[in-house]
Amino acid sequence: MRGEVEIWQGDSLLYTEPNMLVDGAGELLAEIMTVSPSLSAVEDHATSSILDSSNYTIQAISFGTGSDAFNKSTRNAQYLNAGKIEYLVDKFETLAAGYRTGPVTTGIQNEVDGSSYIPDAGLPEWPNPTSRVLEHNTSVAATFAGSGVDVAVSSVFPGNGQHVNFLPSSIGSGMMEASVFSSTEYDGSTQYYPSSLGLAQSVLGAFPIGSSTGGDMDRATSRVMLGEDFTQRDVGNKTYGFFNEVSSMDVSGFVNMVMSGSPGTTTGYAMSSGASGLCVSGGIDATNSGTVEYSVMLAGGDLATVNLYGGIYHLGLWTIDMKESLLNGNTPPFAFSVLNNPRKYKLFARKGLSKNLCYINDDGATPGFDNHTDLTIKWRLHFL
Amino acid sequence: MKNFTEELGINGHLTIIKQYNDGQEEVVFDDHNIIVSGMGVGLSYMFTGSGSNSVLDYQIDRFQVGVSGPPTGGATSAIYQLSGPCTEDEYGAGSNLFIAVKDQITNNTYTTLAAAQIPANKRTRIKDSSVRYTLVIDEEACNGIQRGGNDMSINEVGLLMKNPTGNISADRPLLVAYRTFSDIIKTSDFSLIFRWTLNF
């Protein structure tokens with residue numbers, strides 16, 4: 001029991017429970033206490049920037065699920081085999097004009113055509129204060145022909161313990177540009193049938209594009225994941241997300257802290273919207289309650305799409321791992337980047353959920369898949 | 001609900017050693033310490049981004065010793081200053097200690113108090129989440145302290161965070177850890193070494 005997490009749907013509190021600080025939190029404080037003061041005398045800006053206190057605070061949140069979702073389930077969107085590809089090709093050749101409101105399913109995944117989807121995530125990892133990641137063993141099991149030979153997706157993009165963010169075409173193509181999955185063609189037809197790029201994107205997932213980038217999802221990915229051309233969807237706006245709309249999530253699935261100002265000390269200060277990323281709020285001086293609150297919003301579309309990839313059973317708060325960031329050749333200030341993020345993160349606190357955060361019931365007239373509503377996560381740390 | 005420092009399990013251990021001029025050492029105290037609420041206050045300034053922009057201001061870089069411990073009401077996590085902190089003169093002019101007199105944050109106000117600097121090389125990360133502070137009251141320091149005509153013994157010590165609010169004109173330190181111990185009448189025959197380990 002360390003800190004607390006609340007989940008809100010509009011003005012309704014759905015859930016509240018304590019969280020758990022992990023070893024990374026203690027390591028961070030020890031690091032703060034022993035940073036060399038001599039760095040302040042160095043005139044080089046990058047070196048002296050190591051002392052910036054924002055490098056030692058919470059800077060990201062991420063989401064994860066059980067490892068089975070990535071490599072054991074035969075229902076989730078991560079699953080892919082020759083039979084599924086063959087099925088998709090056949091489907092696209094014969095039924096390309098139609099559209100569906102759920103993932104490709106018949107005979108391969110759960111039957112979902114507008115109905116809510118119940119993902120298969122197995123049993124998520126137990127709370128462990130020594131954890132460095134949200135979940136271990138999260139490499140996807142999918143293997144398919146990239147450049148003529150079978151290649152395991154995980155050999156190019158190994159799992160990092162959480163949901164990643166490969167669906168937007170700019171991210172997918174950017175990451176796979178020099179990999180065996182760079183082809184946008186399948187059997188000679190550009191983006192019509194599942195391409196290696198589209199297949200790789202679809203099995204990695206996990207967060208949807210934003211509304212203003214609606215036409216930019218790779219067509220093949222859209223077909224694999226949703227069973228239709230994204231541009232043909234008449235319910236597409238229900239599966240748009242916040243994170244990729246505002247580019248607040250990097251390819252590794254870390255949602256960036258978008259506000260690091262001084263709440264209460266700035267005249268006219270207004271809290272940022274949780275839709276723009278991870279926000280922080282807290283009191284100061286005489287009104288200092290010792291409580292720091294982090295909040296972030298998940299769009300209904302984010303929930304609907306990540307649900308296809310096993311849902312959300314883990315939440316994690318992350319600080320910058322200064323040592324790893326420097327060892328990777330980056331120098332502060334570490335500007336957040338979606339594709340090539342110089343920030344390497346260290347897990348500070350985690351929260352395990354016993355129920356899928358994306359869980360939804362059908363109510364008949366408005367079936368689940370297109371009916372997710374936005375959720376707000378409020379994560380509080382009490383210092384006093 | 002437990003607070004952050006309790007949940008994180010921040011704790012500390014203090015060992016006090018008398019080191020005589022001939023090299024002999026005598027352990028006179030060996031016990032846990034008290035992490036006071038100032039630790040949470042300082043860290044909350046940092047995590048909300050409402051305090052100093054420099055991580056150095058959140059470091060524990062000074063300490064105080066005092067002569068009036070334990071405090072009235074007992075040594076609890078609510079205390080924010082030593083009961084009888086030594087003055088600049090009482091630390092001793094001939095000692096190697098670097099003494100700074102600053103406005104210390106004390107219960108939503110400020111109190112001008114003296115504290116001794118902990119050199120950076122005496123702040124050591126001994127494990128991934130443990131830091132050891134080695135505080136040295138040398139032979140020339142804190143000898144012959146008298147108040148009201150009475151000889152005074154050293155019996156309390158505290159660690160202070162440098163300047164968490166980020167005050168620009170001068171540091172405003174904050175008490176973050178505290179401990180009382182049995183009276184020690186300091187003389188020039190020995191140094192007092194405080195080995196203080198904080199586990200975060």
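## Helix 2 of chain B

Because 12 of the 12 residues of helix 2 of chain B are buried, this helix is largely enclosed by the rest of the structure; a residue is called buried if 20 or more other C-beta atoms, placed from the backbone, lie within 10 Å of its own. Helices here are DSSP runs of H or I with at least four residues, strands are runs of E with at least two, and both are numbered from the N terminus. The model is predicted, and local features need pLDDT of at least 70, side-chain atom pairs count only at pLDDT 80 or more, and totals for chains, interfaces and linings use all residues. Residues are numbered from 1 along each chain as its sequence is written, while chains are lettered from A and ligands numbered from 1 in the order in which they are written.

Among the buried residues of helix 2 of chain B are B:Met39, B:Val41, B:Leu43, B:Tyr45 and B:Phe47. At 1.5 Å a residue, the 12 residues of this helix should span 16 Å, and its end C-alpha atoms are 17 Å apart, which agrees; the expected span is 1.5 Å times one less than the number of residues. Just after helix 2 of chain B, B:Gly49 takes a positive phi of about 70°.

## The largest nonpolar core

The largest nonpolar core has 139 residues, and those with the most contacts inside it are A:Val203, A:Phe348, B:Val36, B:Leu160 and B:Val176. Such a core is a set of buried Ala, Val, Leu, Ile, Met, Phe, Trp, Tyr and Cys residues joined through C-beta atoms within 7 Å. The largest share of this core, 6 residues, comes from helix 2 (residues 37-48) of chain B. Domain 1 and domain 2 of chain A both give residues to the core, so it lies between them.

Leaving aside residues up to four places away in sequence, B:Leu160 touches several residues, including B:Ile60, B:Phe63, B:Ala115, B:Leu174 and B:Val176, where contact means that the C-beta atoms, placed from the backbone, lie within 7 Å.

## The two domains of chain A

The domain assignment, which is automatic or from a database, gives chain A a domain 1 (2-62 + 247-258 + 266-296 + 309-365 + 372-382) and a domain 2 (68-239). Their contact takes 25 residues from domain 1 of chain A and 30 residues from domain 2 of chain A. On the side of domain 1 that touches domain 2, strand 12 of chain A gives the most, with 3 residues.

## Helix 9 and strand 3 of chain A

Helix 9 (residues 300-307) of chain A is mostly covered, with 8 of its 8 residues buried. What covers the buried residues of this helix includes strand 3 (58-64), strand 10 (291-298) and strand 13 (375-382) of chain A.

Strand 3 of chain A is itself mostly covered, as 7 of its 7 residues are buried. Strand 3 pairs in the antiparallel sense with strand 11 (residues 314-320) of chain A over 6 bridges, and two strands count as paired if DSSP finds at least two bridges between them. In strand 11 of chain A, A:Thr319 is the bridge partner of A:Ile58. Strand 3 of chain A also pairs in the antiparallel sense with strand 8 (residues 255-256) of chain A, over 2 bridges, and there A:Ile61 stands opposite A:Val255.

## A sheet in chain B

In chain B, an open sheet of 5 strands has the order 2-1-13-8-7, with antiparallel pairing. Its edge strands are strand 2 (25-32) and strand 7 (123-127) of chain B, each of which pairs on one side only. Within chain B, strand 8 (residues 130-137) and strand 13 (residues 190-199) pair over 8 bridges, and B:Leu198 in strand 13 is the bridge partner of B:Val131.
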